[in-house]
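Hi everyone, thanks for making time this morning. I'd like to walk you through one structure, so please have a look at the screen.

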Amino acid sequence: MRIDAVEVIVTSPGRNFVTVRIITDSGIVGLGDATVNGRELAVVSYLEDHVGPILRGRDASRIEEIWHYLYRGAYWRRGPVTMAAISAIDMALWDIKAKVADMPLYQLLGGRVREGALAYAHAFGTSTEELIAAIQAKLDDGFQAVRIQSAVPGLDGVYGVPHGKSKDNNGAVEDYEPAHRSAKPIEETWNSAAYLRHVPTVFAAVREHFGFDLPLLHDAHHRLTPNEAAILGRSLEPYDLFWLEDVTPVEQQHNLRRVRSMTTTPLAIGEVFNSIHDCYHLVTEQLIDYLRVPPTHGGGITGVRKLMDFAALHQVKSGFHGPTDISPVGMAASVHLDVALHNFGIQEYMQHADVTFEVFSSDVTFANGQLNPGETPGLGVDIDTAAAREFPYEPAYLPVARLQDGTIHDW
Ligand code: KDG
Ligand code: MG
C-alpha cells in the first residue's frame, strides 16, 4: 500500500488546527494532528514543502522506518515544528494501519489495560467564590479531577483564567487563544511574589469547601525560579495536590533537582517537550512524577510510546497535554495510548467548542470522569474537508507576560 498524497488542512472552527491527511493507493485515508498553537503555518510549510514530497510513493505500512527517515534521516533534528510534522505523519500512518487491521488503534498497542482514562477538567475564577462555583460545575459535568487556576490580586490578567466571559468564544466553554481574539499577542502582567502569596490561600479555601478526596492540580506555566518553585511546592504540601505543573522554564533540566529536593508535592512537566532528550535527566533522576508530552508534539504514537516505556522504568507516569489546541485527532491518539499504557497517570481534557465538531467527528466519549477511545477501526476520527474550508485560518497567539516594570517574563 503506497502513499499517494499528503494533504495538509488548516481550519479554524473555534481555533486553529493543522491536520494531515495521508491518502493511499488503496483508498484508505489516515489523519494526524500537527497543530502548534500560535505557530501553525510554520508546520504547514514544513509538511507541504519538505515532508509530503519525499513521502509520496513510499510503503505506508513501514511506520517505524518512515519515523526514522524523517527524524534520523534529516540533518536538522528535533524542535517543535519538525516534531509536530513527524507526529502528524506517524499518527496518520497508525490510523491507516489500524483501519487495515480493522481494529481500534489501542488494540495494536497491546490492547486495554484499563476500562477508561481518568480525565481532569480546567476550572478557573477571578475570585475564590467564582472558582468554587466553576469546580462545582465541572463536578456536575461528571469530572473527578480538576485543575484550578485563579486570578491574583493586583494583576490584570493571569494565564489560565480566560479573558472575557466563558461561553462567549464561538460557543467555547473554555479557551485561551480563540479564533477572532486578536492579530497580535495580548499582554499580561506578572508578579511572582504576589502569585506565591495568593495560591496557597486559594487551595486552602478549595480544600475547606470540597474536602480532600477530590484530586486537584495546578499549573505554574514555567513562570518561577527553582527557589520560588520550591517555596510554592512546600506551601502547597498541606493541600495534597495530584500535581504541580511546569514550575520552572524548561531549558534547564537540573532546575528540577533543587525543587525536587525541597518538596514532596508531585511534579509534572513536558507539554512543550518534543523528544526524549528534553527529559532524559528528569526521568532517569526521577525529578518528576508525570510527563506531559502528547503524541501531537512528541513524535506521534511511535515517539510517545517509546518515551513512556522509558519513563516506566523510572516510575514516571503519563499526563498528556490535552488543551483545546490539541485537535480532536490528537486527542483521540492520546486516549488510545491512555487505555493501553501501563504507566498512565491522568489525561487533561479541555472540551472543544461545539463549532469544532462541525468540522471534526470523533468517537472519543467521556463518562463517569473517564475518557474512552471507542471501537471504530483506526483512531476513530474524521474531518469534513468541505466544512473545514468554511473556517479559514486566523492568526491567534498565546499571550506575552511582562513584569510590572515592562520586562518580558518567562513562559
Ligand atoms: O498551547 C499552549 C496551551 O495549550 C497551554 O499553555 C495550556 O498550559 C496549558 C495546559 O496545561 O493545558
Ligand atoms: Mg500546562
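Let's start with Asn368, which counts as exposed because its relative accessibility is 62%, and the cut-off for exposed is over 50%. Please keep in mind throughout that this is a predicted model. Asn368 sits in the loop that links strand E14 (365-367) to strand E15 (370-372). If you check the backbone there, you'll find a positive phi of about 50°, although Asn368 is not a glycine.

Is Arg78 buried, exposed or partly exposed? Its relative accessible area is 32%, so Arg78 falls into the partly exposed class, the range between 20% and 50%.

Asp219 has a side-chain N or O atom 3.0 Å from an oxygen atom of ligand 1. For Arg147, a polar side-chain atom lies 3.2 Å from a ligand 1 oxygen. His221 places a side-chain N or O atom 3.3 Å from an oxygen of ligand 1. And how much of ligand 1 does the protein bury? On its own, ligand 1 exposes 320 Å², and 93% of that is buried by the protein.

The side chains of Arg292 and Glu245 make a polar contact at 3.0 Å. Glu245 belongs to strand E8 (residues 243-245). Despite being a charged residue, Glu245 is buried, because its relative accessible area is 0%.

Last stop: Ala333, in helix H11, which covers residues 328-340. Ala333 counts as buried too, because its relative accessibility is 0%. And which residue is 242 positions away from Ala333 in sequence, yet 7.2 Å away in space? That is Met91, with the distance taken from C-alpha to C-alpha.

That's my tour, and I'm happy to take questions.

Methods: Residues numbered from 1 in each chain as written. Chains lettered and ligands numbered in written order. Predicted model: local features only at pLDDT ≥ 70, side-chain atom pairs only at ≥ 80, totals over all residues. Heavy atoms only, no water. Polar contact = N/O pair within 3.5 Å; in protein donor to acceptor, adjacent residues only side chain to side chain. Areas by Shrake-Rupley, 256 points an atom, 1.4 Å probe, with all protein chains shown as cover. Helix = DSSP H or I, 4+ residues; strand = E, 2+ residues; numbered from the N terminus. Buried < 20%, exposed > 50% of the residue type's maximum accessible area, 1.4 Å probe, protein only.
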